[in-house]
Amino acid sequence: MLLKLLRTALVAGAVLCVPFAASAQDLTVGLSANVTSIDPHFHALSPNNNIAGHIFDRLVHQDERQKLTPGLATEWKVLDDTTWEFKLRQGVKFHDGSDFTADDVIASLKRVPWVPNSPSSFALYMRAIKESQIVDPYTIRFTTARPYPLLPVDLANIFIVSRKAEQAPTGDFNSGRATIGTGPYRFVEYLPGDRIVLQRNDNYWGPKPPWPRVTMKLITNDPARVAALLAGDVQIIEAVPTQDISKLKNNANVQLWRIISNRLIYLHVDSFRDQTPLVTDKAGAVLPNNPLKDARVRRALSKAINRPAIVERLMEGEAIPAGDLLPDGFFGASPKLKPEAFDPEGARRLLTEAGYPNGFGLTINGPNDRYVNDEKIVQAIGPMLTRIGIATKVVTEPWATFASKGSAPNYAYSLMLVGWGSGTGETSSPLRSLLSTVRPGFGGSNRGRYSNPKLDAVLDEALATVDDEKREKLLQDAGEIAMNDVAIIPLHYQVNVWATRKGYAYTPRTDENTYAFEVRPAK
Amino acid sequence: MTVFIIRRLMQSAFVLLIMSLLVFVGVFAIGNPVDILIAADADQAERDRAIAALGLDLPLWEQYLVFLKNAAHGDLGKSFVFNQPALQLIVDRMPATLELAFSAMVIAILLGLPLGMYAGFQPHSRTARAIMAGSILGFSLPTFWVGLMMIMVFAVQLGWLPSTGRGATATVLGIKTSLATWDGLAHVLLPAINLALFKLSLVIRLSRAGMRENMLMDYVKFARAKGLSMRRVIFVHVLKNILIPIVTVLGLELGSVIAFSVVTESVFAWPGMGKLIIDSINRLDRPIIVAYLLITVTMFIVINLVVDVLYSVLDPRVRLAEAKA
């Protein structure tokens, strides 16, 4: 009876499914992270920005390698060191048919710091702007307090909404009432935790996207997302889990798209305190002097780590050993910096040289739900350090507790695994947040409180140098100073992997975004 | 009975108060939500602004008092992440979870009761043994694994059913439900079976045990001796008696299915409350966690109350006024 009933039910289900197979014209995307708001100014969170990028444009866009390209601004130039002029695109229409002009830009910039209850405000990206001035409806000038070369990069984070939405609360964006942008897709429906439905904007100023209707499904469970692709319920998924990659490679119905990511996985080292809580002697008593303050000890840790093994075994080859803040080819990455070679003997020698011939005791901490294979990586590093004489304990926990304990003002850890994705696509972002001395506007994520006046000086100069060529040289210098001092221990750069059904193509992006308008029918 | 219900409700209010306090302190002990919510490149000034914006700059006891004051007016706070009232967010997700829970319960009862009764009636037959072996599997296989296997077989290999998500909805009596459309039913089938498996096994075991126990009782012999047909004895007299423990257990199970179908909901990307709570815990979205647990506790209290009342209907010997909660 059970079987019969099941069979009947299944057959019925099978019959039911057929009429609902989406038409070939539509695209369904499987996203890996939750979208919590459609308001593009409410929460600076990548999954939200990913959706906003479909509905809204920015003055400046980033291509798939995060190079700046014209968005709603067609060109921008520096008039003097502190004044920038942006020429706006003409003939652009909002989804409601109204014209886009400089007023909308000003309204958006006013709305950003205004949005109530924002857990992480986009005002961060306009803190350099002292004054905005409309020259004519298609020209706008920004004045900064001091020379600020990153203004276009920062503006690539700020979505332009219609001036009608200047005072619209977040709820009006989620319901669609205020969700009026200029982007390639217009908003249809947002079902929290379930899906976002979008309709093509046929009047888009840029290339016309191939899909009239797009459904972004939120499938946060990794195996379920892969299954949805295999079942054909979605045509593209992001964040393909590394353990499924070899299986998908051999599947004739699936194609993988990959690119190196802007996300560095690294170890942050407490090089600040004289006594650090989790570095002990072998008996477990906290050492009177923090050995991690000594660059030789930090280098020994770095030499003890077998990066190629982590990449091959744990990451299934979907990562690249790192020796810098960003992979080669990104603005500010230094061609001179190479990954530290695996050299346990050299590491022991350095430890002896630093006065720790018998090593010491150490706890390495890491999250277990944040980065690709984060827990496994920490578990692999533990024994590698133990091998050079540093008796290492491994502790992992959910990001929810790890983030609080490891950051200001708690700083509970001595050595921890963290990741950093450079939203700006250049090295000033990690230099400023991870490596600069903790001071107003700097060192916000410097969990090791590394501090090096020489580095700060070069970084400050770079951040005040508007000339791109000179600035890149300075950023490279700053990166070299930090890396040669082993300010952090870089492990690898993640590789971003998308999988599509056969017949679809995607241009993979270093910034992990999944844009439906960049999915194409494969030739 | 009225006295009984009133006393029960007063106790409940006290439980809710303790509950909210525990959650408040618990979330505070886990960590600072701002560390998780804030953009990585934010600086200290932005951090301070966010802390103030979310009301986390006040000392904990003051935050709790603010919460109590608002709760007295029916406002359980706004989600940090969604910037919408927590209560509304949960209620919005409720239909999805309820339809999944009820589908699962219906499957469990409609299949479990007859199967269990049969297994109890003919305990030594081959079919009965197969049923019992099956129920052991239903108990012991982990839900997430069964869910994934069902997706692999029925969605990926056979392609009969959709793999994840909730189907199209239609509005029936003012409630948006996917049980009213064919597409919705096709989507609900796999997760409902997945969620039902454990309850199904439970119902099978309970009804089998009840059946075996009751069949030996004197009243059955008497009824048979009186000349009643076996059919009437089983489906009228025995059924009534074995339903009492089943109603009690299923009542509690219904509560847990609604409140904690987290695993099934994440495997099938089902946009219900279970997924909301687990996401909220990971993001330390305290208003949602507090509101969710308060609702859950309320729900359990109500279900228990209903079960007690049902009990007295099924078994007239039970007098509620005497049963002191």
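Two residues are in contact here if their C-beta atoms, placed from the backbone, lie within 7 Å. This is a predicted model, where local features need pLDDT of at least 70, side-chain atom pairs count only at pLDDT 80 or more, and totals for chains, interfaces and linings use all residues. Residues are numbered from 1 along each chain as its sequence is written, while chains are lettered from A and ligands numbered from 1 in the order in which they are written.

**View 1. Where chain A meets chain B.** Chain A puts 55 residues into the contact, and chain B puts in 58. On chain A's side, the elements giving two or more residues include helix 5 (170-175), strand 12 (213-218) and helix 13 (428-435). Helices (H or I, at least four residues) and strands (E, at least two) are DSSP runs, numbered from the N terminus. Helix 1 of chain A gives the most to this side, with seven residues. By type, the chain A side splits into 28 nonpolar, 23 polar and four charged residues; Ala, Val, Leu, Ile, Met, Phe, Trp, Tyr, Cys and Pro count as nonpolar, Asp, Glu, Lys and Arg as charged, and the others, Gly among them, as polar.

View 2. Chain A averages a pLDDT of 92, and 95% of its residues score at least 70. Over residues 1-23 of chain A, though, the pLDDT is below 50, and this stretch has 20 contacts in the model beyond near neighbours in sequence. (pLDDT is the predictor's confidence in each residue, from 0 to 100.) Where pLDDT is low, the predicted coordinates should not be read in detail.

View 3. A residue is buried if 20 or more other C-beta atoms lie within 10 Å of its own, exposed if 12 or fewer, and partly exposed in between, with C-beta atoms placed from the backbone. Strand 7 runs antiparallel to strand 8 (residues 139-144) of chain A, and six bridges join them; two strands pair if DSSP finds at least two bridges between them. The two form a hairpin with two residues between them. A:Asp136 sits opposite A:Thr139 of strand 8.

**View 4. Inside the two chains.** Chain A comes to 15 helices and 22 strands, and 52% of its 523 residues count as buried. Chain B comes to 13 helices and two strands, with 43% of its 325 residues buried.
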